[in-house]
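Me: Hi! I've got a structure open and would like to go through it bit by bit. Could you help me read it?
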Amino acid sequence: MTSTRSGTRGPVTALGRATSRLLEGKWALAGLAVALLAPFVIATPYAIFVMTSAAIFVMLASGLNIVVGFCGLLDLGYVAFFAVGAYTSGVLSTRFGLPLLATVPAVIVVTVIAGVVIGAPTLRLRSDYLAIVTLGFGEIIRITANNLDVTGGPAGIYGIPGLTGDPVVFYYLTVGIVSIAVIGASRLGRSRLGRAWRFVREDEDAAEAMGVHTYKIKLAAYIAGAVWGGLAGVLFAAQLSAISPGSFTFLRSALVLMAVVLGGLGSTPGVVVGAIVISLLPEVLRDFADYQYFAFGVLLIVFMLVRPQGLWPHRSREASS
Amino acid sequence: MSQLIWNGLFVGSFYALVALGYSMVYGIMKLLNFAHGDIYMLGAFTGFAVLGAVGGVSPGMALPVLLGVLVVTMAVTGLSGVVLERIAYRPLRHAPRLSLLITAVGASFALEYGMRAGAGPDPQVYPLRLGGSAVELLGARITLQQIALMLVAVALMAGLNLLVTRTREGRAMRAIALDPRTSALMGINVDAVISRTFFLGSALAGAAGVMAGVYYGKIDFLMGFLIGLKAFTSAVIGGIGNIPGTMLGGLLLGLLESFGTYWLGGEWRDVFAFGVLILFLSVRPTGLLGERVTERV
């Protein structure tokens with residue numbers, strides 16, 4: 001794909017693009033190396049736990065990045081899909097004795113259905129409506145999980161089988177899965193579908209006029225985000241072996257959004273860095289816990305005012321406008 | 001039955017009061033102000049602080065004190081709304097809509113957790129209760145407190161409606177809602193009118209916050225989150241941007257919730273309300289009294 005297009009644009013841009021791509025690859029390798037070597041530096045059970053959580057958070061952020069970053073749809077209830085995934089695998093594995101891995105197809109099916117149920121009515125409307133409906137949806141899922149018997153009510157589900165016994169092995173497994181998910185999201189963003197997403201984000205009416213079926217395209221982004229969130233939920237359930245409605249509040253949705261905005265909307269390396277920063281910062285700034293979320297809120301405003309492209313902006317490979 | 005209707009109307013008048021601010025701001029600048037529910041929370045806490053400063057209130061003086069506190073609170077929350085607009089929304093008025101929505105979320109977050117840092121995470125007990133006995137009316141038990149609060153809410157809404165339909169200021173607001181650029185050409189100071197719209201909406205939300213504090217007796221820093229959602233639902237039901245529609249939507253949502261709670265049980269109340277929202281958005285997104293808006297390119 002790159003070679004055919006670079007041929008028409010002359011050698012200079014092709015060279016620039018190749019180096020920028022190589023650089024990006026280098027950064028990705030460096031990041032992966034850090035993630036893989038980290039357990040050799042600090043291997044206390046707590047550190048492993050925090051790092052696994054951070055990796056799962058990266059997966060969430062890369063999923064939300066598909067919806068918000070690539071397609072420009074604000075999803076404020078992203079944690080709902082995380083919850084749907086965690087609960088689906090939790091219920092299936094504890095009530096029916098399935099191994100966790102066997103629940104993954106069911107999780108994908110259920111999250112796709114959830115994505116269609118919420119996306120189909122709202123994506124026809126202005127994008128602001130989606131924001132608030134997803135906010136409501138996040139609450140619905142949490143309240144429903146809290147009220148139903150099959151989900152264990154307020155106490156939640158416990159005794160979910162893990163994927164592996166050893167937390168360090170699980171950490172490596174998580175890093176592997178999350179890396180695949182991040183690369184997958186990034187490749188999706190560069191595909192034909194991804195270009196359509198960016199077009200819709202930049203100018204929906206123009207996209208529609210050019211023959212992009214904007215409704216289908218937006219629904220695709222929304223469903224892709226839902227599946228990513230659901231799979232992250234499975235990892236979450238496997239890590240903790242117990243889930244309860246308290247883990248799926250609006251706060252988590254807001255934190256994921258913050259990671260995406262901070263890192264750079266639509267930028268894969270940015271979002272990964274943003275997610276790691278947001279999930280590790282509370283560990284570092286333990287003394288300022290009271291002001292931490294206040295600061296996050298202020299940061300969101302400041303970033304939108306001063307640097308809307310985020311810390312590590314997406315560098316478009318198309319000609320910039 | 002009549003009890004359910006009365007309860008629904010009472011809660012609905014709170015929803016309507018908060019929803020008006022949402023609806024006015026949306027009508028005039030097409031912004032969903034996520035922080036609106038938190039302005040309501042700010043109002044409840046401002047009223048709490050003012051009451052704390054006043055000291056003990058004798059039962060006979062409760063109503064005049066409440067009215068005084070309402071006025072102070074409305075001034076404070078109104079000004080906070082103006083400041084919020086000036087800092088967080090005005091610089092982004094021509095930015096992509098996504099940026100504006102994200103700053104609104106940030107503002108909401110900052111208000112909630114700023115209040116948490118300031119007032120502590122635990123719920124506070126409101127020091128003012130309107131005493132009074134209950135009266136029986138058509139089989140419904142109605143307390144005098146409810147009647148007083150409802151009268152205040154109705155008075156505020158009637159005042160707002162007069163302001164928007166009968167005054168020069170209201171005409172300017174309606175003009176900007178139709179077409180901001182032409183309004184500016186016609187000599188309307190758009191920035192100033194938007195500022196004043198924020199003042200009005202936030203003042204109403206603040207008043208609702210104080211009234212909720214007095215009625216429920218307890219406030220906490222996250223109290224605005226849910227009511228913000230409910231207020232938005234009311235606005236959508238009635239037709240967002242349409243003031244009588246929004247009031248109607250608030251009352252209707254209150255009634256729906258009241259009956260929904262009766263049929264399904266209290267733990268499903270919020271799920272029921274959002275279900276109604278999603279239903280309305282799929283069937284009639286413009287609301288009951290809203291007009292179909294064509295998007296200009």
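This is a predicted model: local features need pLDDT of at least 70, side-chain atom pairs count only at pLDDT 80 or more; totals for chains, interfaces and linings use all residues.

Me: Which residues of α11(B) are buried?
Reply: They are Asp270(B), Val271(B), Ala273(B), Phe274(B), Leu277(B), Phe280(B) and Leu281(B).

Me: Why would residues three or four places apart point the same way?
Reply: An α-helix has 3.6 residues a turn, so residues at that spacing face the same way.

Me: And what do the buried residues of α11(B) pack against?
Reply: Partners come from both chains. In chain A they are α5 and α6, and in chain B they are α9 (223–238) and α10 (243–264).

Me: OK, tell me about α5 of chain A then. How long is it?
Reply: α5(A) has 19 residues and spans 27 Å between its first and last C-alpha, close to the 27 Å expected at 1.5 Å a residue. Its buried residues are Val107(A), Val110(A), Thr111(A), Ala114(A), Gly115(A), Ile118(A), Gly119(A) and Thr122(A).

Me: Which helices do those buried residues pack against?
Reply: In chain A, α4 (79–95), α6 and α10 (214–240); in chain B, α11.

Me: Let's look at the whole contact between the chains. How many residues does each one put in?
Reply: Chain A gives 36 residues and chain B gives 32 residues. On the side of chain A that touches chain B, α5 (104–122), α6 (127–147), α11 (250–263) and α13 (289–306) of chain A each supply at least two residues. The most comes from α6(A), with 13 residues.

Me: What classes of residue are on that side of chain A?
Reply: There are 25 nonpolar, seven polar and four charged residues on the side of chain A that touches chain B.

Me: What about α3 and α4 of chain B? At what angle do they pack?
Reply: Helix α3 (residues 62–89) of chain B and helix α4 (residues 97–119) of chain B pack at about 130 degrees, with their axes 10 Å apart. That makes α3(B) oblique to α4(B). α3(B) passes α4(B) in a right-handed crossing. Leu84(B), Ala88(B) and Tyr89(B) of α3(B) make the contact with Leu100(B), Thr103(B) and Ala107(B) of α4(B).

Me: Last one, Ala55 of chain A. Buried or exposed?
Reply: Ala55(A) is in helix α3 (residues 45–70) of chain A. Ala55(A) counts as buried because it has 28 C-beta neighbours inside 10 Å, and the cut-off for buried is 20 or more.

Me: What does Ala55(A) touch, leaving out residues up to four places away in sequence?
Reply: Ala55(A) touches Thr174(A), Val175(A) and Val178(A). Ala55(A) and Val178(A) are 123 residues apart along the chain, yet their C-alpha atoms are separated by 6.6 Å.

Conventions:
Residues are numbered from 1 along each chain as its sequence is written. Chains are lettered from A and ligands numbered from 1 in the order in which they are written. Two residues are in contact if their C-beta atoms, placed from the backbone, lie within 7 Å. Helices (H or I, at least four residues) and strands (E, at least two) are DSSP runs, numbered from the N terminus. Ala, Val, Leu, Ile, Met, Phe, Trp, Tyr, Cys and Pro count as nonpolar, Asp, Glu, Lys and Arg as charged, and the others, Gly among them, as polar. Axes are lines fitted to C-alpha atoms, for helices over the stretch in contact, and angles run from 0 to 180 degrees between N-to-C directions. Angles under 35 degrees count as roughly parallel, over 145 as roughly antiparallel, 65 to 115 as roughly perpendicular and the rest as oblique. A crossing is left-handed if the near helix is turned anticlockwise from the far one by less than a right angle, and right-handed if clockwise. A residue is buried if 20 or more other C-beta atoms lie within 10 Å of its own, exposed if 12 or fewer, and partly exposed in between; C-beta atoms are placed from the backbone. The expected span of a helix is 1.5 Å times one less than its number of residues.
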